[in-house]
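Trainee: I would like to go through some of the terms used for this model and ask what backs them up.
Mentor: Go ahead.

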Amino acid sequence: MKRASEKNSRRKFEMEGFSARLKWAMDKRGESQLSLSGKVRVSQPQIYHYLIGKSTPRPLVRQRLAYELNVHYLWLIWGEGGPKVKMKRFPIEEFWTSLSERLIFALWNNGYNVPEFSKELKVSSTTVQYWLEGERSPKKEFIPSICQLLNVEPEWLLQAGVQST
């Protein structure tokens, strides 16, 4: 009987949306709004806004939330699959949904932070941040250097397109 109850509970969170799944994951891990805000580098009021459905996190914050709460990224964001993470690191296939999410994953996987990556690429940190937040895409001339630094194939990176020059 307990198994059926867990299945119904999971379905409820899949249907209720991101806010309900975030609350469930926080409760399961014993995370407060304040402690989670420090780990994902957003304010406590911002976490509260996610929990009440007033706002949704940007791609970089979504990735940090899933990682810190140790839940499956696709489950937390879209309710697909179950909440359990079977690996410590996210499989690359989960980040094929957008260019910004693939960049976030590749930076994280290669141990880069934004300032280090922007310095290597010789662009501003603000430019890289725009790419990571999905507000802009890299221009064509940066693609070979990005791929080389991040050790990824252009076909994988460019599934979501690129700005023309």
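Trainee: How do helix 3 and helix 5 pack in this predicted model?
Mentor: Helix 3 (residues 33–40) and helix 5 (residues 59–69) have axes 9 Å apart and pack at an angle of about 120 degrees.

Trainee: Why are helix 3 and helix 5 called oblique to each other?
Mentor: Their angle is about 120 degrees. Roughly perpendicular covers 65 to 115 degrees and roughly antiparallel begins over 145, so an angle between those ranges counts as oblique. Helix 3 and helix 5 are therefore oblique to each other. The crossing of helix 3 past helix 5 is right-handed.

Trainee: Which residues meet where helix 3 packs on helix 5?
Mentor: From helix 3 there are Leu36, Lys39 and Val40, and from helix 5 there are Arg64, Leu65, Glu68 and Leu69. Sorted by class, the contact has four nonpolar and three charged residues, and no polar ones.

Trainee: What makes Ser100 count as buried or exposed?
Mentor: The relative accessible area of Ser100 is 7%. Buried means under 20%, so Ser100 is buried. Ser100 lies in helix 7 (residues 99–109).

Trainee: Which residues does Ser100 touch, not counting those up to four places away in sequence?
Mentor: Ser100 touches Pro59, Trp131, Leu132, Glu133 and Gly134.

Trainee: How many helices and strands does the protein have?
Mentor: There are 11 helices and zero strands.

Trainee: What share of the protein is buried?
Mentor: Of the 165 residues, 40% are buried.

Definitions and conventions. Residues are numbered from 1 along each chain as its sequence is written. This is a predicted model: local features need pLDDT of at least 70, side-chain atom pairs count only at pLDDT 80 or more; totals for chains, interfaces and linings use all residues. Side-chain values use heavy atoms; hydrogens and water are left out. Helices (H or I, at least four residues) and strands (E, at least two) are DSSP runs, numbered from the N terminus. Buried means under 20% relative accessible area, exposed over 50%, partly exposed in between (1.4 Å probe, protein chains only). Contact means heavy atoms within 4.5 Å. Axes are lines fitted to C-alpha atoms, for helices over the stretch in contact, and angles run from 0 to 180 degrees between N-to-C directions. Angles under 35 degrees count as roughly parallel, over 145 as roughly antiparallel, 65 to 115 as roughly perpendicular and the rest as oblique. A crossing is left-handed if the near helix is turned anticlockwise from the far one by less than a right angle, and right-handed if clockwise. Ala, Val, Leu, Ile, Met, Phe, Trp, Tyr, Cys and Pro count as nonpolar, Asp, Glu, Lys and Arg as charged, and the others, Gly among them, as polar.
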